[in-house]
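Here are my notes on the model, as numbered points. Please read them with the coordinates open.

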Amino acid sequence: FQKIKERVEISDKIQKINVNTADFLMLKSHPYIGYKLANSIINYRNQHGSFKTLDDIQKIILIDEKTFNQLSHYLITN
């Protein structure tokens, strides 16, 4: 650690993903989203338009309450 500590940065700030503007690759790379859910988010957004509130992503069949509670800390809609 002593050798690399000058190159390490620790931050407690969470970088949130905008579900209305994020592309498939960005969504897919999130550890709680993955390929299937990223695909569903993109498809839902293309069919129904932008998400007005974060609660709107619960309309996606693959997002149950547990998944929503996990994701809600990492996503935004504006």
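1. A definition comes first. A polar contact here is a pair of N or O atoms within 3.5 Å, and within protein one atom must be able to donate a hydrogen and the other to accept it. The side chain of D56 gives such a case: it reaches the backbone nitrogen of K52 at 2.9 Å, and that value falls within the 3.5 Å limit.

2. Model and confidence. This is a predicted model. The mean pLDDT of the chain is 94, and 100% of the residues score at least 70. Helix α3, residues 65-71, has the lowest confidence, with a mean of 95. Helix α2 has the highest, at 97. As a rule, where pLDDT is low, the predicted coordinates should not be read in detail.

3. Back to D56. Where does D56 lie? D56 sits in the loop between α2 and α3. Is D56 buried or exposed? D56 is buried, because its relative accessible area is 15% and the cut-off for buried is under 20%. Besides the K52 backbone nitrogen, the side chain of D56 has a charged partner, K59.

4. The salt bridge. How many salt bridges does the structure hold? The structure holds one. K59 pairs with D56, and the closest N and O atoms are 3.6 Å apart. K59 counts as exposed because its relative accessibility is 54%. D56 counts as buried at 15%.

5. S40 and K59. S40 belongs to helix α2. S40 and K59 are 19 residues apart in sequence, and their C-alpha atoms are 11 Å apart in space. Which residues does S40 contact, leaving aside its neighbours within four places in sequence? They are I60 and L62.

6. Aromatic pairs. The count comes to three aromatic pairs. One of them is F24 with Y35, an edge-to-face pair: 5.3 Å centre to centre, with 85 degrees between the planes. F24 lies in helix α1 and Y35 in helix α2, so this pair ties together parts that are 11 residues apart in sequence. F24 counts as partly exposed because its relative accessibility is 24%. Y35 is exposed, at a relative accessible area of 55%.

7. A stacked pair. Why does the pair of Y44 and F51 count as stacked? The ring centres of Y44 and F51 are 5.6 Å apart and the planes stand at 10 degrees, so the pair is stacked; the cut-off for that class is under 30 degrees. Y44 is buried, with a relative accessible area of 17%. F51 also counts as buried, at 3% relative accessibility.

8. The nonpolar core. How many residues does the largest nonpolar core have? This core has 18 residues. Those with the most contacts inside it are L27, I33, I57 and L75. The elements that give two or more residues to this core are α2 and α3. Helix α2 gives the most, with five residues.

9. Contacts of I33. I33 is among the core residues with the most contacts. Not counting residues up to four places away in sequence, I33 touches L27, A38, I41, L71 and L75. L27 and L75 are themselves on the list of residues with the most contacts inside the core.

10. H30. Where is H30? H30 lies in the loop between α1 (24-29) and α2 (34-48). H30 counts as buried because its relative accessibility is 12%. The side chain of H30 reaches the backbone nitrogen of Y32 at 3.0 Å. Leaving out residues up to four places away in sequence, H30 touches I17, L71 and Y74. L71 is also touched by I33.

11. I14. The place of I14 is in the segment before β1 (17-18). I14 is partly exposed, because its relative accessible area is 43%. What does I14 touch, not counting residues up to four places away in sequence? I14 touches H73 and Y74. I14 and H73 are 59 residues apart in sequence, yet 8.2 Å apart in space, C-alpha to C-alpha. Y74 is a contact of H30 too.

Methods:
Residues are numbered from 1 along each chain as its sequence is written. This is a predicted model: local features need pLDDT of at least 70, side-chain atom pairs count only at pLDDT 80 or more; totals for chains, interfaces and linings use all residues. Side-chain values use heavy atoms; hydrogens and water are left out. Helices (H or I, at least four residues) and strands (E, at least two) are DSSP runs, numbered from the N terminus. Buried means under 20% relative accessible area, exposed over 50%, partly exposed in between (1.4 Å probe, protein chains only). Contact means heavy atoms within 4.5 Å. pLDDT is the predictor's confidence in each residue, from 0 to 100. A salt bridge is a side-chain nitrogen of Lys or Arg within 4 Å of a carboxyl oxygen of Asp or Glu. Rings of Phe, Tyr and Trp (its six-membered ring) pair if their centres lie within 6.5 Å; planes under 30 degrees apart count as stacked, over 60 as edge-to-face and the rest as tilted. A nonpolar core is a set of buried Ala, Val, Leu, Ile, Met, Phe, Trp, Tyr and Cys residues joined through side-chain atoms within 4.5 Å.
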